[in-house]
Amino acid sequence: AAAKPPASPFGAAAKPPAASGGSPFADTSAFGAAPKASSPFAQSSGANPFGEASLGKKAVAAAKLAEEQAEMTWWDRVPKPAMAQVVIVFSFTTIIGLMIATFWLTIKLGAVSYNGYSN
């Protein structure tokens, strides 16, 4: 016996689910049954995407890369900074240094004093 569809909270009559197991929102009566979808991962409809797989070119390249990385020293594995990163760090350091030097100069010249203390 087919299960009775739940009643709609909006008062509309509920349609029984499609016998073919398709979408309950698709109206297949006007166009007939929809074709069965094939796997997007398989080359053919009979192929199993989780089946046996041989080592491809990518797997061989990954194995060679892992072997090369195993032979590298720790210093070779440390990422080297790009020129843009060096310029950014240099500019930030320069700006911060200039701000601190300017503040030190204003204190030494007496333009800024804390609680009446001055040199």
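Reader: Which residues form a nonpolar patch on the surface?
Author: Patches join residues with over 30% relative accessible area and no salt bridge, nonpolar side chains (Val, Leu, Ile, Met, Phe, Trp, Tyr) within 5 Å and like charges within 9 Å. A salt bridge means a side-chain nitrogen of Lys or Arg within 4 Å of a carboxyl oxygen of Asp or Glu, and areas use Shrake-Rupley with a 1.4 Å probe, only the protein chains shown counting as cover for residues. Here Ile88, Phe92, Ile95, Ile96, Met99 and Ile100 form the patch, with about 630 Å² of accessible area together. This is a predicted model: local features need pLDDT of at least 70, side-chain atom pairs count only at pLDDT 80 or more, and totals for chains, interfaces and linings use all residues. Residues are numbered from 1 along each chain as its sequence is written, and side-chain values use heavy atoms, leaving out hydrogens and water.

Reader: Where does isoleucine 88 lie, and why does it count as partly exposed?
Author: Buried is under 20% relative accessible area, exposed over 50%, partly exposed in between (1.4 Å probe, protein chains only). Isoleucine 88 lies in helix α3, and counts as partly exposed because its relative accessibility is 47%.

Reader: How many helices and strands does the chain have?
Author: Those are DSSP runs, numbered from the N terminus: helices are H or I, at least four residues, and strands are E, at least two. This chain has three helices and zero strands. Glycine 110, with a positive phi near 90°, follows α3.
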